[in-house]
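Here is a short report on one protein model. Keep the structure in view while reading.

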Amino acid sequence: MEKLTVRDIDLSEKKVLVRCDFNVPQDANLNITDDTRIRASLPTINYILSRKPKKLILISHLGRPDGKVIPKYSLKPIAQRLKELINQEVKMLNDCIGAAIQKEINQSQESVILLENLRFHPEEEQNEPNFSKSLATLADIFVNDAFGTAHRAHASTEGVTHYLTSVAGLLLEREISYLSQAMENPQKPFALILGGAKVSDKIGVILNLLPKADEILIGGGMSYTFLRAQGKQIGNSKLEKDKLDTAKAILEKARKQKVKIFLPVDNVITDTIDTISNSRTQELKNSRTHIKTVGENIPDGWIGVDIGPKTIKNYCAALKKAKTIIWNGPLGIFELDAFANGSKKVAGFISQLKVVTIIGGGDTAAAIAKFHLESKMTHISTGGGASLEFLEGKTLPGIAALADKK
Ligand code: AMP
């Protein structure tokens, strides 16, 4: 890793400001329903505490309060959970900048302090220099450990680095090293599994990894634009008409570069996606929904919602030979159990392989969690948008701004 990390600098007796990604899901009563992101920050928090800093000041955003103080987006529940996880008091302050906050930090008896939601201030997302400076005045050293927001140049990810020595946390380091190792120096054969809603979101990844990948397996909503580009009937499935030419060009480019692109040879289809939801799951109202499996052509009035059994078999056979697998985007509407089978079977299959398996964040990570396979993957990214941009080969501003090793 080319960037300095917390391990490279002296933290003792320093005030250390750490940008975490505590943007966790909560239910209607504000109970945290998944604390993965808080737990993912523990190695950095525990490491810094072991170096005896003067203060450990944690900052994060939660949800989208859009620059206003909205109590349901308060970080108070995170302070409580963090306290349980680190077995140490966490002092929660009611803002993140200003003289009063600075005073409270300096006078606090506690060494771990969590500041209130950064996005209660519009200046955070605007990357406003005075707001960045105010954050910087709170500490001696800045640590970015929020991979999930590293693709955004915000005051707490990029702006603050102009005013403080800025290094990577251990989670950020882990994300960068797994993703870059798999992309730049993959053990071959290297397979890329792509799915999710839209082709337009994944074009950058395909174009960046086409020269490196040996095979690309496509499923999910994005597969139907490719199938249409091949002249197949796709009924009422997701189609991005303006991306048909791009899909054709990608198929042609892959053929020339001898990269095998796999598309579904059969699909699970439905006549309607009529759901009932409760707080934890979504289910289909079966009384009004018809589901069947067809080949590549989907009749009018029907929607492709998952890959079929022959496709699952083909994809598992192709993946069997791979040594590195990167997966971004579910292969069907996995949120509904009836359409989760393709993602579930492929996830189950690769979880048995002794190969490097890298899971993009966001919905793909949610799918792996739904199938309880988290511990079976080499690395599950904590950032959906960030991992996508990393795989596209883009420079992430929150990483680029950190101090270089040399
Ligand atoms: P993305 O964020 O682009 O990875 O997309 C994830 C979303 O794609 C999930 O919410 C899935 O429900 C959705 N998805 C997967 N397969 C399909 C499909 N066949 N049609 C529509 N949406 C899909």
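## Terms and source

A crossing of two helices is left-handed if the near helix is turned anticlockwise from the far one by less than a right angle, and right-handed if clockwise. Helices (H or I, at least four residues) and strands (E, at least two) are DSSP runs, numbered from the N terminus.

This is a predicted model, in which local features need pLDDT of at least 70, side-chain atom pairs count only at pLDDT 80 or more, and totals for chains, interfaces and linings use all residues. Residues are numbered from 1 along each chain as its sequence is written, and side-chain values use heavy atoms, with hydrogens and water left out.

## Two packed helices

Two packed helices are described by the angle between their axes and the distance between the axes. Here the pair is α7 (residues 170–184) and α14 (residues 384–391). Their angle is about 35°, and their axes are 10 Å apart. Axes are lines fitted to C-alpha atoms, for helices over the stretch in contact, and angles run from 0 to 180 degrees between N-to-C directions. The crossing of α7 and α14 is right-handed.

Which residues of α7 and α14 meet? From α7 come Ile176, Leu179, Ser180 and Met183; from α14 come Ser387, Phe390 and Leu391. Contact means heavy atoms within 4.5 Å. The residues of this contact are 5 nonpolar, 2 polar and no charged. In this count Ala, Val, Leu, Ile, Met, Phe, Trp, Tyr, Cys and Pro are nonpolar, Asp, Glu, Lys and Arg are charged, and the others, Gly among them, are polar.

## Buried faces

Helix α6 spans residues 129–136, and its residues Phe131, Ser132, Leu135 and Ala136 are buried. Down the axis of α6, the buried residues fall within an arc of 140°, so they line one face of the helix. The arc is that of the directions from the helix axis to the C-beta atoms. Buried means under 20% relative accessible area, exposed over 50%, and partly exposed in between (1.4 Å probe, protein chains only). The buried residues of α6 pack against β1 (15–19) and α5 (122–126).

Helix α2 covers residues 42–50. Its buried residues are Leu42, Thr44, Ile45, Tyr47, Ile48 and Leu49. Just after α2, Lys52 has a positive phi of about 55°.

## An aromatic pair

The structure holds 2 aromatic pairs. In one of them, the ring centres of Phe262 and Tyr315 are 6.2 Å apart and the planes stand at 85°, so the pair is edge-to-face. Rings of Phe, Tyr and Trp (its six-membered ring) pair if their centres lie within 6.5 Å; planes under 30 degrees apart count as stacked, over 60 as edge-to-face and the rest as tilted.

Phe262 sits in strand β9 (residues 260–262) and Tyr315 in helix α11 (residues 309–320), so the pair ties together parts 53 residues apart in sequence. Both Phe262 and Tyr315 are buried.

## Loops

Is Thr149 buried or exposed? Thr149 is buried, at a relative accessible area of 4%. Its loop runs between β5 (141–144) and β6 (165–168). Beyond neighbours within four places in sequence, Thr149 contacts Arg19, His61, Arg119 and Thr157.

Asn87 lies in the loop between α3 (76–86) and β3 (91–92). Asn87 is exposed, at 72% relative accessibility. Its phi is near 60°, a positive value in a residue other than glycine. His372 also has a positive phi, near 55°. His372 lies between α13 (362–370) and β17 (379–380) and is exposed at 66%.

A cis peptide bond joins Lys188 and Pro189, with omega about -5°. Pro189 lies in the loop between α7 and β7 (190–194).
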